[in-house]
Amino acid sequence: MTKTELKSLLKELVSYSQETEWLEFKLNFHSNEEIGERISALANGACLSKKQYGFLIFGVEDKTHNIKGTTFKVKTATKGKEELVNSKTRPEN
């Protein structure tokens, strides 16, 4: 996915009137346990909602969906030796 495609997807997702079972916004990372629980819940929610993907988006306010940015460094986040970032969502350029 290119940066342009990611920006377009973000614009689409923040336009939703509220979070859903498969879409959640966070300003910053809290803990490994919390992120694991959220990713699991979003994956289950996406499956139940017949969505191809669930989204946990950092840097966006919950209530307003305003894009604020984040201090969370997703590229360096790991749990054990597992990377957090899925290669399908990593920008190509």
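The term pLDDT denotes the predictor's confidence in each residue, from 0 to 100. This is a predicted model, in which local features need pLDDT of at least 70 and side-chain atom pairs count only at pLDDT 80 or more, while totals for chains, interfaces and linings use all residues. Residues are numbered from 1 along each chain as its sequence is written, and side-chain values use heavy atoms, with hydrogens and water left out.

Colour the chain by confidence. Helices (H or I, at least four residues) and strands (E, at least two) are DSSP runs, numbered from the N terminus. Confidence is highest in H1, at a mean of 95, and lowest in strand S3 (residues 78-79), at 63. Where pLDDT is low, the predicted coordinates should not be read in detail.

Next, select helix H2, residues 32-48. Its buried residues (under 20% relative accessible area, 1.4 Å probe, protein chains only) are Glu34, Ile35, Leu42, Gly45 and Ala46. They lie on the same side of H2, because they cover an arc of only 95° around the axis, taken from the directions from the helix axis to the C-beta atoms. These buried residues pack against strand S1 (23-26) and strand S2 (55-58). Turn to the face away from the buried side: Glu33, Glu37, Cys47 and Leu48 are exposed there, that is, over 50%.

Finally, select Leu13. Which residues does Leu13 touch, not counting residues up to four places away in sequence? With contact meaning heavy atoms within 4.5 Å, they are Trp22, Leu23, Phe25, Phe55 and Ile57.

Terms used
Expected span 1.5 Å × (residues − 1).
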